Amino acid sequence: MHRERLTDDIFVFTSERYVQVTATVIFTQKGVVVFDTLPFPEETRQMADFIRRSGRGPVRYLILSHSHADHVYGAYLFPEAEIIAHRRCYDLLMRYGQKGLEEARRAEPELTEVTLRFPALWTETDAALRMGNKTIQLYYSPGHTPDLIGAYIQEERTLLASDTMMPVPYVADGDPLQLIDSLHALRQYQAEHLVQGHGDILLRGEIQTHIAANIAYLEKLVEVISHAVEEGTPLERLLRIPPEEFGVSRIALEGLAPQIHQANLLAYYEQSKQHKRKRK
Ligand SMILES: [Zn+2]
């Protein structure tokens, strides 16, 4: 796990064990807010220890950006915190959480000690959390998944975008068109820092460039697949197009970017085929 200080009050933790997933600690005059956790107990425990040593606790709130395992499995290590998420995150965790955890435990015995925690506070519209000297705006940001929320810390001009921003967009559980809208919405913030759900922290000038690149990727994905489905092009032929033609770097995210791209192709191809069938 790697820790980075963004400002005096904001620290970002990046997993060294699972595709550079990030979690953020926000210190306020009225206690601590944590945004997402890390998947393995060992790494989230280091976050909790860091907060304890700072003497600036307790952790009042834990915001879960969405229900994906890699962001929520550490929640039980902040038992004193109330959990905030989108209502759909609650629904998804209730429906699929336990089954997913049991499967994950079989592959990773370390996860045996993990127990799921469910959000007690739900947002459905945009909301603001005022904690001492910090204003944390929560905004709905669907596309990667239908339950995703991000946070903007006004005083620090810091955007916690979660998986709305990744080195390569991931939409296999979501909707690329919705993600395009959510990416456009990120542009209105005059952020100094953008914390992606996975990968490096983006600074000022880089932010707009990376958002534009992700929008371009998704537009190309939608265009190529829509065309292929109209023409009846087989999926195999799409899978043979080199990822670079979509602007995907083979080395991004520890070399996983091409796999993510392939998952996007498969999922959106299936979705588009079903839409086409319904239209007939
Ligand atoms: Zn995710």
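Reader: In strand 10, which residues point one way, which point the other way, and are they buried or exposed?

Author: The model is predicted. Ile149, Ala151 and Ile153 point one way from strand 10, Gly150 and Tyr152 point the other way, and all are buried. Buried here stands for under 20% relative accessible area. Strand 10 covers residues 149-153, and five of its five residues are buried, which leaves the strand mostly covered.

Reader: Which strands does strand 10 pair with, and in what sense?

Author: Strand 9 (residues 134-140) runs antiparallel to strand 10 and is joined to it by five bridges. One of the contacts to look for is Tyr140, whose bridge partner in strand 10 is Ile149. Strand 11 (residues 158-162) also pairs with strand 10 in the antiparallel sense, over three bridges. There, Ala151 has Leu160 of strand 11 as its bridge partner.

Reader: How many residues lie between strand 10 and strand 11?

Author: Four residues lie between them, and the two strands form a hairpin. In the turn, Arg157 has a positive phi of about 45°.

Reader: Which residues line the largest cavity?

Author: The lining consists of Thr22, Thr24, Phe35, Asp36, Leu160, Ser162, Val195, Gln196 and Gly197. Strand 3 (22-28), strand 11 and strand 12 (193-196) each give two or more residues to this lining. By type, the lining residues divide into three nonpolar, five polar and one charged.

Methods
Residues are numbered from 1 along each chain as its sequence is written. This is a predicted model: local features need pLDDT of at least 70, side-chain atom pairs count only at pLDDT 80 or more; totals for chains, interfaces and linings use all residues. Side-chain values use heavy atoms; hydrogens and water are left out. Buried means under 20% relative accessible area, exposed over 50%, partly exposed in between (1.4 Å probe, protein chains only). Two strands pair if DSSP finds at least two bridges between them. On a 1 Å grid over the protein atoms alone, a cavity is a set of points where a 1.4 Å probe fits but cannot get out, and a pocket is an open set with protein on both sides within 12 Å along at least five of seven lines; lining residues have an atom within 4 Å of a point. Ala, Val, Leu, Ile, Met, Phe, Trp, Tyr, Cys and Pro count as nonpolar, Asp, Glu, Lys and Arg as charged, and the others, Gly among them, as polar.
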